[in-house]
Amino acid sequence: MSVRIPSQTDVIFKAAVINCFKVSHCSPESTSYAAGLRVGDLVIGVDGNEFENQQQMQLALMGGKPEKKLMIQRGSRIVDVTLKVLEAMRSGDTRMQPTTR
């Protein structure tokens, strides 16, 4: 692939900011599924606070109380799912990948 750029044009590349987790696996028998999490959901925040970057995401999920209220973007809707996140992740029944939205 080649791209032609006129000589008088500035080209600026901007890195995408990782600011959510995408649910890549959620077993129908899991506590995550029972709580309402689905494959393809985007976890965009915790306890009412949207993530701005990957560091915030990790701190919000790892710290504080074990049960978290996740802000989920599902298509054009925002839904809340209450879940013991670390327990769900450790079980292997639920997997999430960092991504951008």
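Val 81 touches Ala 35, Gly 36, Leu 37, Lys 68, Lys 69, Leu 70 and Ile 72, leaving aside residues up to four places away in sequence; contact here means heavy atoms within 4.5 Å. The model is predicted, so local features need pLDDT of at least 70 and side-chain atom pairs count only at pLDDT 80 or more, while totals for chains, interfaces and linings use all residues. Residues are numbered from 1 along each chain as its sequence is written, and side-chain values use heavy atoms, with hydrogens and water left out.

- Val 81 belongs to strand S5 (residues 77–84); strands (E, at least two residues) are DSSP runs, numbered from the N terminus.
- The relative accessible area of Val 81 is 2%, and the residue is therefore buried (buried means under 20% relative accessible area, exposed over 50%, and partly exposed in between, with a 1.4 Å probe and protein chains only).
- Val 81 and Asp 47 are 34 residues apart along the chain, and their C-alpha atoms are separated by 9.9 Å.

**Pairing of strand S1**

- Strand S1 (residues 20–26) runs antiparallel to strand S6 (residues 94–99), and 6 bridges join them; two strands pair if DSSP finds at least two bridges between them.
- His 25 has Arg 95 as its bridge partner in S6.
- S1 also pairs with strand S2 (residues 42–46), in the antiparallel sense, over 2 bridges.
- In S2, Val 43 is the bridge partner of Phe 21.
- In a regular strand the side chains alternate between the two faces of the sheet.

**Cysteines**

- The structure holds 0 disulfides, a disulfide being a pair of cysteine sulfur atoms within 2.5 Å.
- Cys 20 is buried, at a relative accessible area of 0%, and Cys 26 counts as buried at 7% relative accessibility.

**Nonpolar surface patch**

- Ile 5, Val 11 and Phe 13 make a nonpolar surface patch of about 340 Å².
- Patches are made of residues with over 30% relative accessible area and no salt bridge; like charges are joined within 9 Å, and nonpolar side chains (Val, Leu, Ile, Met, Phe, Trp, Tyr) within 5 Å.
- A salt bridge is a side-chain nitrogen of Lys or Arg within 4 Å of a carboxyl oxygen of Asp or Glu.
- Accessible areas come from the Shrake-Rupley method with a 1.4 Å probe; for residues, only the protein chains shown count as cover.
- Ile 5 is located in the segment before S1 and is partly exposed, with a relative accessible area of 44%.

Notes. Helices (H or I, at least four residues) and strands (E, at least two) are DSSP runs, numbered from the N terminus.
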